[in-house]
Amino acid sequence: MPKAYWIAHVHVTDEEAYGRYAKLAGPAIAKHGGKFLARAGRYVQLEGKDRARNVVAEFPSLEDAEACYRGPDYQEAMSHAKGASERDLLIVEGVE
């Protein structure tokens, strides 16, 4: 089964609230086997909408990544991100 990648592009509008989100999101992601490959590091915007915070997390499968997003722990974290950020988030399945 191929791994899956959670890719987020984020513009933070409320640092304090988004900090609460980040504190809860990390453990929720780890609980589903996720690990961060990139998180808010340097980047070069080549095309599309520029968002200063870019995150890539690897999961064992697409199903694990989606279960994480829909699970109660991550949804609790999301309650702090809503209204504190503009986000694009997708899950993409890797190749074997």
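I take helices (H or I, at least four residues) and strands (E, at least two) as DSSP runs, numbered from the N terminus. On that basis I found 3 helices and 4 strands in the protein. Reading along the sequence, I noted the pattern β-α-β-β-α-α-β.

A note on my source: this is a predicted model, where local features need pLDDT of at least 70 and side-chain atom pairs count only at pLDDT 80 or more, while totals for chains, interfaces and linings use all residues. Residues are numbered from 1 along each chain as its sequence is written, and side-chain values use heavy atoms, with hydrogens and water left out.

**Overall dimensions**

The C-alpha trace spans about 35 × 35 × 15 Å along its principal axes. Buried residues (under 20% relative accessible area; exposed is over 50%, partly exposed in between; 1.4 Å probe, protein chains only) make up 32% of the 96 residues.

**Helix 1 with helix 3**

How do I describe two packed helices? By the angle between their axes and the distance between the axes. My axes are lines fitted to C-alpha atoms, for helices over the stretch in contact, and angles run from 0 to 180 degrees between N-to-C directions. Helix 1 (residues 15-31) and helix 3 (residues 72-81) pack at about 165°, with axes 8 Å apart. That makes helix 1 roughly antiparallel to helix 3 (over 145 degrees; under 35 is roughly parallel, 65 to 115 roughly perpendicular, the rest oblique).

**Helix 2 with helix 3**

Helix 2 (residues 62-70) packs on helix 3 at an angle of about 55°, with the axes 5 Å apart. That makes helix 2 oblique to helix 3. On the helix 2 side, the contact (heavy atoms within 4.5 Å) is made by Cys-68, Tyr-69 and Arg-70, and on the helix 3 side by Pro-72, Tyr-74, Gln-75 and Met-78.

**Ala-8**

Is Ala-8 buried or exposed? At 6% relative accessibility, I count Ala-8 as buried. I placed Ala-8 in strand 1 (residues 4-12). Beyond its neighbours within four places in sequence, Ala-8 is in contact with Arg-53, Asn-54, Val-55, Asp-88 and Leu-89. Ala-8 and Arg-53 sit 45 residues apart in sequence and 8.0 Å apart in space, C-alpha to C-alpha.
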